[in-house]
Amino acid sequence: MNNKLINIGYGNYVQLERVVAIISPDSAPIKRMVQNIRDSLNLIDATFGRKTRSVIILDSKQIVLSALQPDTINARIAENNSN
């Protein structure tokens, strides 16, 4: 089992193998999806009160909000994979 963790900002990490998608929160469908899931226990807000810049979808049907740009998280994943 691969337990690589990826930093999603401000000391928060997600397990790399659980990440399905990293998307921008700017489109209306994504905003609706986040708002609908906010009422359940499947939303993890890791922004520390900052603006949400990326939405990370996990294979466990949980959504993680991050204050980092999707490109930044992707670069960290690429860096982690090269090690």
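Reader: How many salt bridges does the structure hold?
Author: This is a predicted model. The side chains of Asp59 and Arg18 meet at 3.2 Å, N to O, and a salt bridge requires a Lys or Arg side-chain nitrogen within 4 Å of a carboxyl oxygen of Asp or Glu. The number of salt bridges in the structure is one.

Reader: How many residues apart in sequence are the parts that the pair of Asp59 and Arg18 ties together?
Author: Asp59 and Arg18 form the salt bridge. Asp59 sits in the loop between β5 and β6, and Arg18 in the loop between β2 and β3, so the parts tied together are apart in sequence by 41 residues.

Reader: Does Asp59 count as buried, exposed or partly exposed?
Author: Buried means under 20% relative accessible area and exposed means over 50%, with partly exposed in between. The relative accessibility of Asp59 is 43%, so this residue counts as partly exposed. Arg18, at 33%, also counts as partly exposed.

Reader: In the open sheet of four strands, which are the edge strands?
Author: The strand order is β3-β5-β6-β4, with mixed pairing. An edge strand here pairs on one side only, and the edge strands are β3 (19-23) and β4 (43-45).

Reader: Which residue in β6 is the bridge partner of Asp45?
Author: β4 and β6 (residues 63-66) run parallel and are joined by three bridges. For Asp45, the bridge partner in β6 is Leu65.

Reader: What angle does the direction of helix α2 make with that of β3?
Author: Helix α2 covers residues 70-82 and packs on the sheet. The helix touches β3, β5 (54-58) and β6, and its direction makes with that of β3 an angle of about 145°.

Reader: Which residue in the hairpin of β1 and β2 takes a positive phi?
Author: β1 (residues 5-9) and β2 (residues 12-15) are antiparallel and pair over four bridges; Leu5, for example, stands opposite Gln15. Two residues lie between the strands of this hairpin, and the positive phi, near 55°, belongs to Tyr10.

Reader: Which elements give two or more residues to the largest nonpolar core?
Author: The core has eleven residues, among them Ile6, Ile8, Ile56, Leu58, Ile73 and Ile77. Leaving aside neighbours within four places in sequence, the contacts of Ile8 include Val14, Ala46, Ile56, Val64 and Leu68. The elements that give two or more residues to the core are β1, β5 and α2.

Reader: How many residues are in the second, separate core?
Author: This core includes Ile30, Val34, Val55 and Leu65. Leu65 is also the β6 bridge partner of Asp45. The size of the second core is seven residues.

Definitions and conventions:
Residues are numbered from 1 along each chain as its sequence is written. This is a predicted model: local features need pLDDT of at least 70, side-chain atom pairs count only at pLDDT 80 or more; totals for chains, interfaces and linings use all residues. Side-chain values use heavy atoms; hydrogens and water are left out. Two strands pair if DSSP finds at least two bridges between them. Contact means heavy atoms within 4.5 Å. Axes are lines fitted to C-alpha atoms, for helices over the stretch in contact, and angles run from 0 to 180 degrees between N-to-C directions. Buried means under 20% relative accessible area, exposed over 50%, partly exposed in between (1.4 Å probe, protein chains only). A nonpolar core is a set of buried Ala, Val, Leu, Ile, Met, Phe, Trp, Tyr and Cys residues joined through side-chain atoms within 4.5 Å.
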